[in-house]
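Please keep the sequence and the structure side by side while reading.

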Amino acid sequence: MAALLAGAATIALLTSPASAQQAAQPAADQADQTRKTEDTKPAPAGATLLDKILVISRTGETAIESLASASHVDQEQLDRRMATTPNEMLLGVPGVAVQADARRVSSSINIRGLQDFGRVAVIVDGARQNFQRSDHGTQSTFYVDPELIKSVDVIRGPTANTYGSGAIGGVVFFDTKDAVDFLRSGETWAGSVTGRYESNGKGWTASASGAYKFNDDLDVLGNIVYRDYGDYKNGSGDTVAGTGFDVLSGLLKTTIRPSENSELKLGWVGSSDGWTETSGGVPANDVDLKSNTFTARYNITDDAKSWLDLHINASYNKTNLDLTTLVPQNRFDPSTGLPVLLPVGSTSTFDVGTAGVDIWNTSRFETAGVAHELTYGGDWVGDDVETGGTAGGDSFYTPSGKRSVSGAYIQDKLTWDWLEVIAGLRYDNYSLEDSTHETSGDRLSPRITVGVTPFESASLAGLQFYGTYAEGYRSPSLTETLISGNHPAGVTFPFLPNPNLRPETGKTTEFGVNYKLNDLIEAGDAFRLKAGYFHNDVDDYIEGVTLSAFDPTSGCPFGPGIPICFQYQNVAQAKINGFELESVYDAGWGYAGLSASIINGHTISDEGVRADLATIPSSQVTGQLGFRFLQDKLTVGGEVQYNGKPKGNPVAKDYTLVNAFASYQATDNLKVDFRADNLFDVKYTNPLNGGTTAVIYEPGITLKLAATMRFGG
């Protein structure tokens with residue numbers, strides 16, 4: 001890794017000085033200048049979702065400029081959705097689904113049919129969220145309160161491999177609020193309070209924010225949120241047990257500007273959550289979860305030095321989950337498989353600590369009329385998992401251990417007139433171990449993207465076509481490799497570790513189109529569109545396999561309970577393909593949006609046996625329509641989303657959801673928001689919950705009403 005970084009830095013330093021004066025400006029300035037040149041006038045503020053610079057971008061691209069399947073969710077959209085959980089923040093983002101089952105406070109993100117065990121990198125302010133607990137349903141989960149978030153960036157597919165190891169599905173980056181976003185021009189301090197009521201579950205949310213600007217070089221923001229929700233009712237009016245929760249979340253963030261061209265952000269995001277798990281509709285376990293994320297992000301960009309756009313991120317995330325039994329439970333001893341009684345008050349603990357470092361620099365220069373954006377960097381993430389508790393407790397099936405993944409990469413983005421080429425190479429290395437096992441591996445993963453903008457006429461100048469081939473590399477997780485013991489309840493059978501698991505390799509081919517046009521129907525309007533087709537072959541895909549003790553070649557021993565074993569194994573391949581569309585039209589007085597995703601996938605065994613992939617989400621079509629009145633003080637609109645049943649899913653059905661919303665800025669300091677979700681009280685279930693022990697139906701009609709009072713000076 002050091003050799004690769006040194007080589008990349010040498011290339012940049014040798015080639016850039018000769019043309020430093022001709023080089024492109026730093027990312028944000030360059031993107032702004034490009035748009036000013038291509039567009040006769042700026043688009044309306046509400047139309048520029050795809051024009052916003054992606055926080056996650058390492059070359060200062062907007063979503064519409066990115067030669068990849070990228071989406072941006074901004075503050076206006078988040079406010080409109082009045083999200084209670086991460087699921088609601090990502091409504092309508094193509095190719096993205098969220099699994100949460102009854103534990104709404106914990107979510108697992110699915111991108112293009114891939115999820116869990118790091119296949120999707122979930123990042124909060126630069127910190128990887130790697131908490132994992134073995135269970136039916138969701139495996140790798142996280143929670144971040146939507147009230148703390150100002151934007152969400154999504155990059156789908158292994159083209160995101162510059163953002164860390166393992167993300168063969170993609171990356172979701174949550175960026176928390178800053179003081180500069182909260183304070184108005186001329187203010188040195190400001191505060192706000194928000195109260196919200198939700199009809200379904202009779203839930204309350206209270207939020208308070210405060211910001212202070214010491215001077216132009218130092219500011220601070222704090223936010224605290226409390227939510228208290230009861231069990232919700234599904235579309236048939238039946239109460240869904242175990243869906244209530246209470247959560248206390250907080251954010252503290254300061255921005256320091258040591259010089260005109262540098263910035264340091266120090267942040268803390270924390271939460272304390274509680275909920276009750278049920279078994280057969282009866283409360284079984286009390287759950288207490290505490291999460292703390294600490295981040296430091298530094299960047300320095302010098303307009304006079306085109307080779308310097310340096311970013312250094314460091315983070316630590318610690319999640320502690322305690323499980324306490326509420327009723328006596330008949331279990332099986334994990335070592336012997338013999339029956340044991342788990343008394344009231346028995347505990348299981350899950351402690352996961354994740355540390356990370358991410359460093360990269362982008363050098364901009366020209367050679368022979370070709371503009372280069374050379375990005376090179378390296379990253380490291382380490383997981384430390386400790387589980388324990390009473391014999392027969394769930395913690396025995398989430399193994400303790402340590403895992404380390406690291407990588408280095410180099411990528412050059414070349415631009416010449418109508419042609420754009422991105423070539424990249426990433427090196428990944430991993431190791432994991434517990435007291436008795438140790439395994440490791442490494443690999444090089446390439447990426448090549450070609451984009452063309454072939455037309456010069458005013459109506460077609462914003463039309464761009466691109467094609468990509470990219471590979472990604474995901475190491476096995478601690479649980480997949482080391483899980484052991486006997487199934488804890490119902491029936492008993494052994495879990496077998498598999499230290500010989502091979503890493504997964506995702507190989508994606510993608511073809512897409514970007515299109516942007518202003519003044520389409522009337523002066524000042526704007527139209528944006530991104531669409532693409534992808535095909536992803538995941539070699540050595542890892543999934544849980546049931547082995548028979550009657551087969552002497554399976555390695556499954558006879559023992560107490562039924563004669564089977566469970567083990568994570570590599571199947572030959574998973575094949576996933578699909579189509580995605582994201583578009584918006586905005587005329588200032590109103591807007592319309594349409595997004596869609598169609599995903600199909602299956603696995604193929606070494607023997608050539610084909611099987612449906614259980615993690616394929618619903619195919620979706622989402623339409624949005626909104627109107628602005630009273631000089632944009634009042635916005636009203638709605639959303640319609642059709643969900644198509646994935647092939648082979650045992651619980652899913654087709655369903656359509658209708659939502660409505662309204663927002664009124666009554667005064668400069670008072671805002672009222674209203675939203676109705678699932679307006680027609682449809683009874684439906686998330687197809688990703690097909691692997692849970694019981695079908696979980698989602699909330700029926702939910703009415704939300706909120707008021708925000710702001711003050712400052």
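## Terms and basis

Two strands are said to pair if DSSP finds at least two bridges between them. Strands (E, at least two residues) and helices (H or I, at least four residues) are DSSP runs, numbered from the N terminus.

This is a predicted model, in which local features need pLDDT of at least 70, side-chain atom pairs count only at pLDDT 80 or more, and totals for chains, interfaces and linings use all residues. Residues are numbered from 1 along each chain as its sequence is written, and side-chain values use heavy atoms, with hydrogens and water left out.

Strand S8 (residues 189-198) runs antiparallel to strand S9 (residues 203-215), and 10 bridges join them. One of the bridge pairs sets Glu198 against Gly203 in S9. The two strands form a hairpin with 4 residues between them, and in its turn Gly201 has a positive phi of about 90°.

S9 also pairs with strand S10 (residues 218-229), in the antiparallel sense and over 11 bridges. Here Gly210 has Gly222 in S10 as its bridge partner, and the hairpin that joins S9 to S10 passes through 2 residues.

## Strands S30, S32 and S33

Strand S32 (residues 619-629) is joined by 8 bridges to strand S30 (residues 590-604), and the two run antiparallel; within this pairing, Gly590 stands opposite Phe627 in S32. S32 pairs as well with strand S33 (residues 634-644), again in the antiparallel sense, over 11 bridges, and Gly626 has Gly637 in S33 as its bridge partner. The hairpin of S32 and S33 has 4 residues between the strands, and Leu630 takes a positive phi near 55° in that hairpin.

## A buried loop residue

Where does Thr615 lie? Thr615 is found in the loop between strand S31 (610-612) and S32. Thr615 counts as buried because its relative accessibility is 19%, where buried means under 20% relative accessible area, exposed over 50% and partly exposed in between, with a 1.4 Å probe and protein chains only.

Leaving aside residues up to four places away in sequence, Thr615 touches Asn110, Gly113, Gln115, Tyr541 and Leu688, a contact being heavy atoms within 4.5 Å.

Strand S24 (residues 494-496) and strand S28 (residues 564-570) pair in the parallel sense over 2 bridges, and Phe495 has Phe566 in S28 as its bridge partner.
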